[in-house]
Amino acid sequence: MTAPRSDFLRTLQDRGFIHQCTDIDALDARALEGPLTAYIGFDATADSLHVGSLVQIMMLRWAQKTGHRPIALMGGGTTKIGDPSGKDESRQLLTSAQIEANIAGIRTAFDNLLSFGEGPGEAVMMNNADWLDGLQYIDFLRDVGPHFTINRMLTFDSVKLRLDREQPLTFLEFNYMILQAYDFLELSRRMDCCLQMGGSDQWGNIVNGVELGRRIDQRPLYGLTTPLITTASGAKMGKTAAGAIWLSEKRLSHYDYWQFWRNTEDGDVGRFLRLFTELPLDEVARLEALEGAEINEAKKILALEATKLCRGAAAAAEAAETARQTFEEGKSAEGLPTIEVTQAELNGGIMVFELMRRAGLAKSNGEARRLIKGGGARVNDVAISDEMATVGPDDLSPEGRIKLSAGKKRHALVKLAG
């Protein structure tokens, strides 16, 4: 493939977003003709997306920054079924009220990353329930069903994975790929949308939509996917021992979000700076060339820039200052994740392992006790080794706080309720 001529595709290629494209030369030519409309679908299975979705959201952001119109399509309809892609078992079905509440929560994460409005270059948020909920089943099967063969559907990874592992795949889920393809057809008709983007696990579903638009409406549609983002050690992006890294501040504090990026492995710094920040590529090249202790400065810049995009400049500055005070000055900074205890609990003495579990520094009391026995726990920056150790009123700092630490990079504060 020749180097893309359009700003949009050239930016995506240079920054490492492109994995597969149905016809990249034709798409490049279309992007040069004038603004195009592109969409990505997001099912509303929780009230926040996590950082695993951020690479797709960044593609929508770059589409807007290079003069095109992005659509964030909420799966109010498809969430009622559940995408089988990458899953060994059926998802728990949600009620319409739960889905609506989740969509409202997800919207807040997009507000910092996209500019919404009515203008030609403004982002739009849509809900596929607007057309899927009103489908007449027999009419839909008659009009759309003939364009899909069971033979081909059985070859898609989302189906093969489940069948190869002898896990049940319901007829409800089997319909998901048809409905996603129909979404693309609807958006092409309603919004003149010609591009669907997504993760590499969505390739089969995206190709279905491209082919459906061509067969029914003779529309030239395009599909583009990102590579699977894994860390240098092979772990899935956004999965940590503490759980998912949520985009919403209601799910994850600004400090913990900042700290996730600060803890990036050395080998991932350059790639993550390209994908998750808007720093110029020459600056990225300079930062990723740093070695030894200097690479930590690049990680701080990554954390600041990534947090600024998702949470805003004030949140990023606050988290960076919290980290500076915690690690450089040894203070129990206010920006750390905080839990509350009652005066009665503290007077009676609280097990450290229980506090660590409650603070999210360990998943269970057993895990917290093993951490303590292994020398990985500290209270007020003092290492403890007695798994039955307790804290009481005397452990409160002059500011009325107790600092808990798990290893060198994860911290939380305990304060009195009220």
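Residues are numbered from 1 along each chain as its sequence is written, and side-chain values use heavy atoms, leaving out hydrogens and water. Since the model is predicted, local features need pLDDT of at least 70 and side-chain atom pairs count only at pLDDT 80 or more, while totals for chains, interfaces and linings use all residues.

With 16 residues at 1.5 Å a residue, H4 should span 22 Å, and its end C-alpha atoms sit 23 Å apart, which agrees; the expected span is 1.5 Å times one less than the number of residues. Buried residues in H4 are Ile 99, Asn 102, Ile 103, Gly 105, Ile 106, Ala 109 and Phe 110 (buried is under 20% relative accessible area, exposed over 50%, partly exposed in between, with a 1.4 Å probe and protein chains only). They pack against strands S2 (37-42), S3 (69-74) and S4 (124-127) and helix H3 (54-65).

In the loop between H4 and S4 there is Gly 119. Its relative accessibility is 24%, so Gly 119 counts as partly exposed. Gly 119 and Arg 69 lie 50 residues apart in sequence, yet 9.2 Å apart in space, C-alpha to C-alpha.

Now for helix pairs. The axes of H13 (residues 269-276) and H15 (residues 295-311) come within 10 Å and cross at roughly 20° (axes are lines fitted to C-alpha atoms, for helices over the stretch in contact, with angles from 0 to 180 degrees between N-to-C directions). H13 and H15 are therefore roughly parallel; that label means under 35 degrees, with over 145 roughly antiparallel, 65 to 115 roughly perpendicular and the rest oblique. On the H13 side, Val 269, Phe 272, Leu 273 and Phe 276 meet H15 residues Ile 295, Ala 298, Lys 299, Leu 302, Ala 306 and Leu 309 (contact means heavy atoms within 4.5 Å).

H15 also packs with H12 (residues 254-262), at an angle of about 135° and with the axes 8 Å apart. That makes H12 and H15 oblique to each other. From H12, the contact uses His 254, Tyr 257, Trp 258, Trp 261 and Arg 262, and H15 brings residues including Asn 296, Lys 299, Leu 302, Ala 306 and Arg 311.

Conventions: Helix = DSSP H or I, 4+ residues; strand = E, 2+ residues; numbered from the N terminus.
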